[in-house]
Amino acid sequence: MSSRDHDLRHEGMKAIRWARVAEAQLGNKGLTLHTSKHIFAEFQQLFAELTLNSRTLGSLGRLEELGENAESRGIDIIAVQEHRFYHPDNILKYHQVGSYQLVTFSASKNTVNSTVGGIGFLLSSKASDTLLSIESISPRIMVLEIDGNPKTTLVCVYSPHNSSVADEIENFCTTLRSTIEQVPLHNFLVIAGDLNARLGHDETKFTFNSKTNRNGEMLKDFLEEFNLYTSNNSFMKPKGQLWTFESPLGDRAQIDYLIFRKKWRNSVKDSRSYSSFSSVGSDHRIVSATVKLSLRSSKKAKPHPMKMIDWEEVLSNPDMSKQLTIEVYNTFQSLSTSEIDAENIEEVYSSLIKSTEEVALATLPKKKSRGQSKPSNCPNVIEARNHLKSISLAYHRSPSQSLKIQHIAAKKNLDEAYLNAET
């Protein structure tokens, strides 16, 4: 084999690896910035039911329940805390949840090797279409930016507990401050999450808490510094629509918040806590804000044709991979009429990529449609979910030991229904 032939074969293998990587990136991430002309549309409830401390989504059925609840209510974005997915080798991980994607920053391991924490965003396809960027700042802070007029910046936060050492909470607050300082003043800013902060009646009018704790004092200073306010303390609501967390002993508190800039106060039409996500199994409730804002969504780009190929089958079949290499090499060789040099290398490489795509699309197997039914649609799962929500609503309205026992049993019943649906 001549040195030129060797170089071409080497370039062919590079192109195949490139194609595989490109397909994997397209298939795993699926969140892209579209630069095509935008269409303006008004979303009246873009931020409906926005933040939830899930207290683990790793258990069977929990992630499916999160997606199922979001889809049934037409929710586009949820900031999630304590998902407990551990993936230290990936800065961000993308989990497909029906038509939604959960983008997570890894949880961590504590001193006894238990998985704790973890933050992320659950995004509908509509939200993904307007996504500009998503970035992890720290294990407790994550930032997402959405296209619009104005642009929207969402910050998912998970504060250390009120009993944490002073240095830990100080480091969190310092990082949060530096993050907010970098958000342009004309952006529509939303800070959403579990701040483990209690604001008492001395600090805000509509609150569930009687006293302000240490985290609450730091939250108050932070709000004043950046001219912010908590939306779920800004509307007159009954106590049952204010609390966001219940301890194992049955004590309730308001520690999860949605925070906005005061200049956008008129755009926030309502805000409260709901029990509507009780089937997720968390001891926190979801906090909602109804926001009326004009955002623009991008036209959907056509999917990359290489995504149609079943690369898993190709990679598992050495003969098929070898045949692809040979055919790409032959096709490219027949099109190549000159030596590769510094002046034409980009043109040659483009031809190589084109040859790879043409051969791959013409010869490789395509992905088969998967018509499997979702476990979340199984009749037993639906029945268990509805029973849990009914018990949860009764317990949250009028807590008693009897209803609490029924509530715990209903959660286990839903877990068992998912387990049976998987087998």
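Predicted model: local features only at pLDDT ≥ 70, side-chain atom pairs only at ≥ 80, totals over all residues.

**Strands and spaces**

Author: Strand β8 (residues 119-123) and β5 run antiparallel, joined by five bridges. Gln 101 stands opposite Leu 123 in β8. Strands are DSSP runs of E, at least two residues, and helices are runs of H or I, at least four, numbered from the N terminus. Two strands pair if DSSP finds at least two bridges between them.

Reader: Which sense does β4 take in pairing with β5?

Author: Antiparallel, over six bridges, with β4 covering residues 92-97. The two strands form a hairpin with two residues between them. Gly 98 in the turn has a positive phi of about 65 degrees. Val 97 stands opposite Tyr 100 in β5.

Reader: How many residues of β5 are buried?

Author: Six of its six (residues 100-105). Buried means under 20% relative accessible area, with a 1.4 Å probe and protein chains only. Tyr 100, Leu 102 and Thr 104 are on one side, and Gln 101, Val 103 and Phe 105 on the other.

Reader: Switching to cavities. How many of 30 Å³ or more?

Author: Two in the whole structure. A cavity is a set of points on a 1 Å grid over the protein atoms alone where a 1.4 Å probe fits but cannot get out; lining residues have an atom within 4 Å of a point. The largest cavity has a volume of about 120 Å³. Volume here is the space filled by probe spheres set on the points, which are joined across faces, edges and corners.

Reader: Which helix gives the most to the largest cavity's lining?

Author: α4, with five residues. The lining includes Phe 172, Arg 177 and Met 218.

Reader: And Glu 65, buried or exposed?

Author: Glu 65 counts as buried because its relative accessibility is 0%. Glu 65 sits in helix α2 (residues 62-72).

Reader: What does Glu 65 touch?

Author: Leaving out residues up to four places away in sequence, Glu 65 touches Ser 279, Val 280, Val 381, Arg 385, Leu 414 and Tyr 418. Contact means heavy atoms within 4.5 Å.

Key
Residues numbered from 1 in each chain as written. Heavy atoms only, no water. Buried < 20%, exposed > 50% of the residue type's maximum accessible area, 1.4 Å probe, protein only. 1 Å grid on protein atoms, 1.4 Å probe; cavity = no way out; pocket = protein on both sides within 12 Å on 5 of 7 lines; lining within 4 Å.
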